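Subject: Structure for you, with notes

Hello,

Here is the structure you will be working with.

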Amino acid sequence: MSAQPALIICMGTSGCGKSTVGLALAKALGVPFIDGDDLHPADNVAKMSAGHPLTDEDRIPWLHRVRETAVLLTSPAGLAALDHPAVPETVDEAQDRAVEHELHAALQRINPESLAARLELRSGEKGQKRQREAVVVACSALTVQYRNLLRGEEARFQLPDGREIVTEKKLEPHIETFFVYLQGSRALLLNRMQHRAGHFMKATMLDSQLSTLQEPHETDEVNVSVVKLGSGPDEATERGKEAVIQEAVEKISRKVGP
């Protein structure tokens, strides 16, 4: 199995449980977990706070940041910082200071439970170290072009004003991207959101996401694992959190190692 680091995206629409499953997946693997929403640039945060929806043009720097954060955390400097979560002393070179700043910012966004699981794995009796380092990020990744960008491949975006944005390949440094798609029916997802405390997602908002969603399939896109949230007629009956997490862990472990 390749020792190339892995970026594992736990993806799907609102209500699919990508943050919950993503964290459980990261803890099982002993790797860091980050909620992708925490990586939005300040301009995006301000726009969303004002109630304005993000455009593809807004999301491009965010998606780049998701990938770049995973690259940084699986680099030698990132892995050393994960083993000893403290910011290194400031050095003279401007480039090193910039890397130090980005690394510090990335470390602040790691879920503490996932970091504790990683440290426990490495400091246990066997002192296990992963042959293949990885980072798990919860990110909706609804379209093919979003996923291409997260893979480091060329991505093309057609903007409403007629402009086209083409992002270049960014395959260096090497990191391989995997997707765990949490697939749920509209009825199941809407029921989840309507019963989630403090959540006010309306049916129209869910329908907007579902209309944007370009479902990835295991046979059509590389490194995709599909995990169904429902069972029975129309897949409207919840399988249960533990069953979903177990399948996600099993499927991704076959690809990146346990």
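Let me start with the strands. Strand β6 (residues 176-183) runs parallel to β7, and the two pair over five bridges. Pairing here requires at least two DSSP bridges between the strands. Buried means under 20% relative accessible area, exposed means over 50%, and partly exposed lies in between (1.4 Å probe, protein chains only). Strands (E, at least two residues) and helices (H or I, at least four) are DSSP runs, numbered from the N terminus.

A word on the source. This is a predicted model, in which local features need pLDDT of at least 70 and side-chain atom pairs count only at pLDDT 80 or more, while totals for chains, interfaces and linings use all residues. Residues are numbered from 1 along each chain as its sequence is written, and side-chain values use heavy atoms, with hydrogens and water left out.

Next, the salt bridges. The whole structure holds 22 of them. The criterion is a side-chain nitrogen of Lys or Arg within 4 Å of a carboxyl oxygen of Asp or Glu.

Which residue does Glu221 pair with in a salt bridge? The partner is Arg151, with the closest N and O atoms 2.9 Å apart. Glu221 sits in the loop between α9 (203-212) and β7, whereas Arg151 belongs to helix α7 (residues 144-151), so this pair ties together parts that are 70 residues apart in sequence. Both Glu221 and Arg151 are buried.

Asp56 and Arg59 form another salt bridge, at 3.8 Å between the closest N and O atoms. Both are in helix α3 (residues 56-73), three residues apart, or about one turn of the helix. Asp56 is partly exposed, at 23% relative accessible area. Arg59 is also partly exposed, at 23%.

Glu154 and Arg156 meet through their side chains at 3.2 Å, N to O. Glu154 is partly exposed at 38%, and Arg156 is partly exposed at 41%. Elsewhere, shared partners link Asp83, Arg118, Arg122 and Glu133 into one salt-bridge network.

Last, helix α4 (residues 76-83). Its buried residues include Gly78, Leu79, Ala81 and Leu82.

Best wishes
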